[in-house]
Amino acid sequence: MQTTVGEFILDRLKAIGISEIIGVPGDFNLSFLEQVKETPGIRFVGSCNELNAAYAADGYARQRGVGCLLTTYGVGELSALNGIAGARAEHVPVVSLAGAPPLYATEYRWAMHHSLADGDYANMLEAIAPFTEISCRVTPMNVVEEFDRALHTCLREKRPVHIQIPSDITHLTIEVPDQPFSTDLAISDKERLEAATAAVLRRFEEATDPIILIDQDTDRHGFTEKFRRIIDKAQVPYSQLSSGKAILSERDPLFIGTYNGNASAPGVKERVENCDFLVTTNPRFIEVNSGSYTHELPEEHIINFGDQHANVGGEFFVGINTLELLDAIADQIPAAEQSAAAPYEEAAVDVDKQAPLTHARMWPQMVSHIGEGDVVIAEAGTSNIGLGPLHFPEGVQYINSPIWGSIGFTLPALLGSMLAAPERRHVLFIGDGSFQLTAQELSTILREDLKPLIVLVNNKGYTIERFILGMEEDYNDIQDWSYNELPKVFKRDTTMQSYSARTEGELEDALNQIKASDAGAFLEVHLDPFDAPRGLQVFGPLTADFDYGPRGPRNP
């Protein structure tokens with residue numbers, strides 16, 4: 001079958017579930033954009049800059065299973081690199097496309113704009129390669145093999161890939177396979193699958209206190225519902241890392257709390273570290289989710305599931321599709337009586353209408369207005385730490401960046417997530433300092449007529465940095481904007497409504513009005529710049545101790 005290079009690429013993107021390509025136009029990708037415009041079922045959504053577009057593609061992927069970014073050569077690719085690196089750190093599959101100079105120009109090493117004018121057209125791919133699973137330039141002769149290889153790798157490994165598309169090849173005709181693109185993973189070696197299943201079930205039968213520990217890769221590799229089935233059938237208690245928050249219900253009687261080394265919820269550290277059957281999914285411990293490296297998991301009792309392998313107490317099984325393994329375990333694991341534990345009861349929030357907002361009381365009040373099935377997006381730092389200890393309603397999806405932690409990520413991620421799932425209610429919590437890094441993407445959210453609740457935490461600066469070092473130093477201060485006016489600045493006829501709250505009563509009134517409205521909402525909450533969630537008050541000095549050494553500076 002014959003088609004053009006650009007049409008082939010677009011067909012493949014649609015086959016993996018992409019209906020929006022997020023990016024920034026440039027002369028090297030305009031030929032491709034003309035083809036996007038003519039292709040039903042997929043569209044281009046322009047972002048304000050390439051970094052924001054990369055963040056948005058990441059947010060899109062967390063909803064849809066994969067996202068797509070489009071930039072232009074050099075200046076665009078490198079501007080997006082921080083967001084691409086974040087997707088790699090957080091195991092998010094993003095297909096990054098970049099329009100490149102014409103193929104003849106690269107082959108003859110012509111000096112061109114957006115390059116270093118030295119004829120080197122390998123340097124951009126080399127710069128991006130460490131942060132992607134595949135980084136390549138396609139040609140009419142290799143595009144079918146290379147593009148399919150990149151997509152398979154992206155979907156299988158849950159990592160970003162980067163493909164440069166020369167500007168002069170998108171309308172050229174090529175021969176492509178007649179069969180549709182398959183996203184199926186390879187099947188397991190039958191003997192290895194049966195052996196791994198038997199090994200896990202044998203360990204489970206011998207265990208007296210089994211526990212499942214949830215983390216990011218539980219979600220990324222599609223294990224969540226399969227674990228849910230195993231937990232419900234065998235009544236296995238489960239915990240989560242802070243980097244795996246709310247992947248499974250935090251209000252289920254079988255949920256024992258968050259494991260975080262010495263900073264774990266009460267009783268959780270002892271329970272997890274002393275269990276005799278601990279299921280993990282390739283957890284990656286950094287200082288934030290390990291209680292500053294105080295985690296001590298029982299290695300001899302760990303059953304670890306990767307996407308294509310399992311480690312059962314030191315016995316390794318490869319050549320397996322772990323989704324098939326989990327199905328087999330769920331089918332064969334013995335059923336247990338339903339837990340008699342009392343159902344979760346949300347603590348009532350007693351609003352003191354005249355009291356000024358504080359972190360200790362504001363976050364529970366916020367969570368009381370989160371509904372089942374909502375998408376909650378929390379900026380790294382104050383918002384994530386404030387929400388971390390609280391239990392969300394059933395079905396809430398929690399999006400943040402606990403490992404990469406690049407501030408400003410969440411506003412564009414909100415855009416991407418809403419483009420991928422506009423039917424879901426989205427609530428963003430973002431600090432004023434983080435907001436200022438990517439604020440312009442609010443204009444794209446308004447242009448697309450999306451209707452999130454954006455909660456801007458105004459504490460006049462970088463609160464997390466204040467508690468690490470420089471509590472009253474001006475390097476942690478920022479200019480206080482008229483945030484509430486920004487929706488109408490960015491779009492004069494916007495339907496988004498602005499609200500402001502300084503007291504618990506004002507916050508409750510605003511949240512009730514927002515709940516009763518169909519419009520998007522921008523809610524600015526004002527807090528003391530020297531107030532912080534309890535977790536942040538502890539985290540700050542510990543970080544200073546770790547970062548600066550015994551003779552380094554500290555807060556008074």
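This is a predicted model: local features need pLDDT of at least 70, side-chain atom pairs count only at pLDDT 80 or more; totals for chains, interfaces and linings use all residues.
Analyst: Local features need pLDDT of at least 70, side-chain atom pairs count only at pLDDT 80 or more, and totals for chains, interfaces and linings use all residues. Residues are numbered from 1 along each chain as its sequence is written, and side-chain values use heavy atoms, without hydrogens and water.

User: What makes α1 roughly parallel to α7?

Analyst: The axes of α1 (residues 5-15) and α7 (residues 143-157) cross at roughly 20° and come within 11 Å. Angles under 35 degrees count as roughly parallel. Therefore α1 is roughly parallel to α7.

User: Why is the crossing of α1 and α7 called right-handed?

Analyst: A crossing is right-handed if the near helix is turned clockwise from the far one by less than a right angle. The crossing of α1 and α7 is right-handed.

User: Which residues in α1 and α7 meet?

Analyst: In α1 they are Val-5, Phe-8, Ile-9, Arg-12 and Leu-13; in α7 they are Val-143, Val-144, Phe-147, Asp-148 and Leu-151. Contact means heavy atoms within 4.5 Å. These residues divide into eight nonpolar, no polar and two charged. Val, Leu, Ile and Phe are among the nonpolar types, and Asp and Arg among the charged.

User: How is the chain divided into domains?

Analyst: Domain 1 is 2-175, domain 2 is 190-332 and domain 3 is 359-548. The bounds come from an automatic or database domain assignment. The C-alpha centres of domain 1 and domain 3 are 31 Å apart. Their contact takes 22 residues from domain 1 and 30 residues from domain 3.

Terms used:
Axes are lines fitted to C-alpha atoms, for helices over the stretch in contact, and angles run from 0 to 180 degrees between N-to-C directions. Helices (H or I, at least four residues) and strands (E, at least two) are DSSP runs, numbered from the N terminus. Angles under 35 degrees count as roughly parallel, over 145 as roughly antiparallel, 65 to 115 as roughly perpendicular and the rest as oblique.
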